There are 2 protein chains.
Amino acid sequence: MRDDLRINGERLSARIARLGQVGAIAGGGVARLALTDQDKEGRDLVAGWMREQGLAVTVDAIGNVVGVRRGKEAGPPVMTGSHIDTVRTGGRYDGNLGVLAGLEVMATLDDAGVETRRPLAVAFFTNEEGSRFQPDMMGSLVYVGRLPLEKALATVGIDGSTVEENLARIGYAGGAPVGQGNRVHAYVELHVEQGPVLEAEGFTIGAVEGVQGISWTEFTLTGQSNHAGTTPMRMRHDAGLVAAEIATFARRLAKELGGHQVATVGALTLSPNLVNVVPNRAVLTVDLRNTDEARLKEAERRLFAFAAEVAGAEGVGLERRALARFEPVAFAPELVSRVESIARGLGHPVRRLPSGAGHDAQILASICPACMIFVPSARGVSHNVEEFTSPVDIEAGGNVLLRLLCELAG
Amino acid sequence: MRDDLRINGERLSARIARLGQVGAIAGGGVARLALTDQDKEGRDLVAGWMREQGLAVTVDAIGNVVGVRRGKEAGPPVMTGSHIDTVRTGGRYDGNLGVLAGLEVMATLDDAGVETRRPLAVAFFTNEEGSRFQPDMMGSLVYVGRLPLEKALATVGIDGSTVEENLARIGYAGGAPVGQGNRVHAYVELHVEQGPVLEAEGFTIGAVEGVQGISWTEFTLTGQSNHAGTTPMRMRHDAGLVAAEIATFARRLAKELGGHQVATVGALTLSPNLVNVVPNRAVLTVDLRNTDEARLKEAERRLFAFAAEVAGAEGVGLERRALARFEPVAFAPELVSRVESIARGLGHPVRRLPSGAGHDAQILASICPACMIFVPSARGVSHNVEEFTSPVDIEAGGNVLLRLLCELAG
């Protein structure tokens with residue numbers, strides 16, 4: 001590959017805009033929930049572009065679509081891609097960028113007459129968002145054999161219909177095999193950061209080291225409802241106070257653990273929630289994330305110990321329930337380093353960072369070396385119609401993807 | 001008065017039970033919202049008892065009912081009483097006890113043929129609870145001239161009708177004058193504690209030193225909604241965290257100020273209130289109470305300073321709104337001491353304590369020496385159908401009231 005080879009940023013941005021018209025909603029956003037008619041229309045458009053570019057397109061039994069560009073040799077492809085389903089009020093970039101940038105890389109290679117040693121593949125995986133059918137990342141989970149096909153097909157969505165029914169309805173119940181037989185040489189995913197770090201710190205490219213492990217805990221605190229005027233402080237069993245103590249502790253914990261530890265109390269509800277009544281019940285959630293499983297466990301241990309201690313001191317009952325738990329995923333260090341050095345070579349400010357959100361790349365990482373390239377999200381906004389990444393940053397990310405795919409494909 | 005004179009506890013408890021049948025609701029409670037048909041029925045019953053006992057009954061322009069028992073001399077009466085309106089799901093004791101105990105004291109004096117020097121009066125004041133018409137303690141406020149009659153009459157209730165219309169409808173728009181011309185020698189109110197202190201500490205009688213001043217503040221915090229995974233701690237503007245910091249500070253503040261300072265965060269609402277989104281908005285209330293105005297002001301000052309500091313540090317906007325503010329009321333020290341000594345003389349364990357709730361006595365305190373006698377509330381429960389005070393404690397309170405009224409009336 002020639003060193004001066006670059007993607008066509010305008011062509012890529014034009015395709016992002018075109019795909020953004022499918023399921024467009026007010027404010028510049030997109031609603032293409034997985035396996036809806038809008039998703040079908042988006043799929044048809046992108047699969048059509050794949051075919052126009054001469055890719056060999058396959059659709060598997062869970063509706064994942066893969067377009068392969070032949071290499072000089074046969075064997076497992078170097079794969080890129082992402083997803084094109086969106087949340088209900090999503091943006092144009094989340095997922096879509098990764099798929100269309102993959103197509104653009106191939107178009108660039110076609111234009112320049114470059115033939116790679118290994119095949120290149122671009123994929124879009126079914127139902128990454130999980131907004132209509134749980135779990136999220138369903139297509140990639142089935143692709144790598146971590147979620148049984150039958151279970152995924154039987155999943156009932158928020159409107160009462162199954163994945164299987166919807167795949168059949170939109171014509172994307174394909175014949176390509178799923179499961180552990182799938183072989184991929186390496187997987188690279190370009191994605192918008194969906195967080196504020198790159199923009200705030202002036203970086204164009206993020207070399208994603210891994211995906212944070214997630215621990216969601218719901219605490220239910222049961223105290224005693226009392227008159228705010230007549231009940232002395234020493235006689236209170238204030239469920240709201242214990243909730244507030246846990247919330248402030250979560251922040252201290254994140255500070256003390258440092259690194260990539262984050263802790264969020266997003267939801268907190270008091271009962272009876274009246275000015276002059278000591279709350280007898282509080283329910284709050286704590287969202288802990290870390291790229292390091294040992295540290296995440298340490299954070300959980302300390303949080304649970306603190307919650308038990310403060311509830312005990314206040315004479316408040318404590319129940320705790322795990323709402324979600326995922327271990328962190330580390331991307332292949334060799335690939336992360338390559339993203340860094342390629343970005344630097346192209347003159348783009350680059351920093352390492354973790355991904356705080358889940359992505360298909362973390363699922364592909366269980367069958368092959370995988371990594372991700374992030375480009376900035378304006379104001380960190382995502383899953384929102386105001387999601388935006390500048391064409392300049394998109395082009396930069398596309399060029400890092402181009403070079404990395406070429407290096408990996410030889 | 002003979003030292004061995006005692007009220008008839010059974011007669012008093014029977015009247016409490018009888019009045020509790022008017023507006024009775026499931027669970028043993030009572031719903032007699034001010035100036036409803038149920039209130040009229042209760043008023044008719046109690047005013048009838050007053051007349052049966054030969055009291056001179058007057059009804060004033062705001063519906064306060066006063067029954068006077070002649071003394072050897074004319075002049076301002078020694079007054080006792082309370083209210084007979086209830087909250088929507090109230091108990092049988094709150095207010096009613098004070099009125100019926102006053103009647104019982106007079107019946108006891110009648111039975112024993114005791115004539116006091118000063119007249120004795122028993123009153124029930126209109127709309128003490130404030131559940132249907134705001135403000136609460138309306139009748140006593142008008143009685144002492146602190147709330148203009150016309151303003152009170154024009155008050156529109158939760159169902160859209162006025163106080164004036166309802167007084168006329170139930171036949172309690174009386175002709176007796178209201179305002180500063182009313183003269184009372186002293187006012188004593190027997191009431192259930194509505195808090196847990198007496199029962200928990202094994203006291204039968206509370207000598208109420210005063211009524212806590214009340215400061216209600218609503219804080220509205222405006223931060224930034226962000227992804228719980230992708231937003232580093234240092235970039236957050238977490239409105240929920242600031243709310244939790246304020247809530248835990250309120251508890252520390254009450255502990256540090258000590259004495260009768262109480263602080264309660266009863267209401268706290270987050271937006272969007274989702275597990276994985278940093279809250280962009282939090283609204284919370286802080287209820288501060290103290291019997292000492294200077295200390296209450298100090299508590300407010302420190303709370304507001306802390307809230308501003310912690311919001312500033314997090315980059316979160318802070319608005320604060322006073323929802324209510326009442327200065328503390330101190331009862332006449334001489335009367336508080338008499339309650340103590342009388343209770344001791346009768347062999348009842350007694351302690352001084354403040355009232356955390358508002359009472360007509362605090363309003364009467366602006367025109368004459370006033371005090372209150374508390375008897376225990378089981379488990380501190382009040383404004384609840386499960387409100388309960390044992391007949392033994394009721395009798396004890398009634399006897400303290402008997403003796404104090406006799407001493408004051410001479």
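Tutor: Chain A has an average pLDDT of 96, and 100% of its residues score at least 70; pLDDT is the predictor's confidence in each residue, from 0 to 100. This is a predicted model, in which local features need pLDDT of at least 70, side-chain atom pairs count only at pLDDT 80 or more, and totals for chains, interfaces and linings use all residues. Residues are numbered from 1 along each chain as its sequence is written, while chains are lettered from A and ligands numbered from 1 in the order in which they are written. For the complex, the predictor gives an ipTM of 0.84 and a pTM of 0.84.

The part to examine is helix 2 of chain B, residues 37-52. Helices (H or I, at least four residues) and strands (E, at least two) are DSSP runs, numbered from the N terminus. The expected span of a helix is 1.5 Å times one less than its number of residues. For the 16 residues of helix 2 of chain B this gives 22 Å, which agrees with the 22 Å between its end C-alpha atoms.

Which residues of this helix are buried? In helix 2 of chain B they are B:Gln38, B:Asp39, B:Gly42, B:Arg43, B:Val46, B:Trp49 and B:Met50. These residues lie on the same side of helix 2 of chain B because they cover an arc of only 135 degrees around the axis, the arc being that of the directions from the helix axis to the C-beta atoms. The face turned away from that buried side carries the exposed residues B:Gly48, B:Arg51 and B:Glu52. Here a residue is buried if 20 or more other C-beta atoms lie within 10 Å of its own, exposed if 12 or fewer, and partly exposed in between, with C-beta atoms placed from the backbone.

The buried residues of helix 2 of chain B pack against several elements of chain B, including helix 1 (9-20), strand 3 (56-59) and helix 3 (96-112). Contact means that the C-beta atoms of two residues, placed from the backbone, lie within 7 Å.

Both ends of the helix deserve attention. B:Leu35 is found in the loop between strand 2 (29-30) and helix 2 of chain B. This residue has a positive phi of about 65 degrees although it is not a glycine, and B:Leu35 counts as buried because it has 28 C-beta neighbours inside 10 Å. Just after helix 2 of chain B, B:Gly54 takes a positive phi of about 80 degrees.

A residue of helix 3 of chain B, B:Met106, extends the picture. B:Met106 counts as buried, with 27 C-beta neighbours inside 10 Å. Leaving aside neighbours within four places in sequence, B:Met106 is in contact with B:Gln53, B:Leu55, B:Arg69, B:Leu120 and B:Val122. The C-alpha atoms of B:Met106 and B:Ala121 are separated by 9.0 Å, although the two residues are 15 apart along the chain.

Finally, the wider setting may be considered. In the complex, 48 residues of chain B are in contact with 48 residues of chain A. On the side of chain B that touches chain A, helix 8 of chain B supplies the largest share, nine residues.
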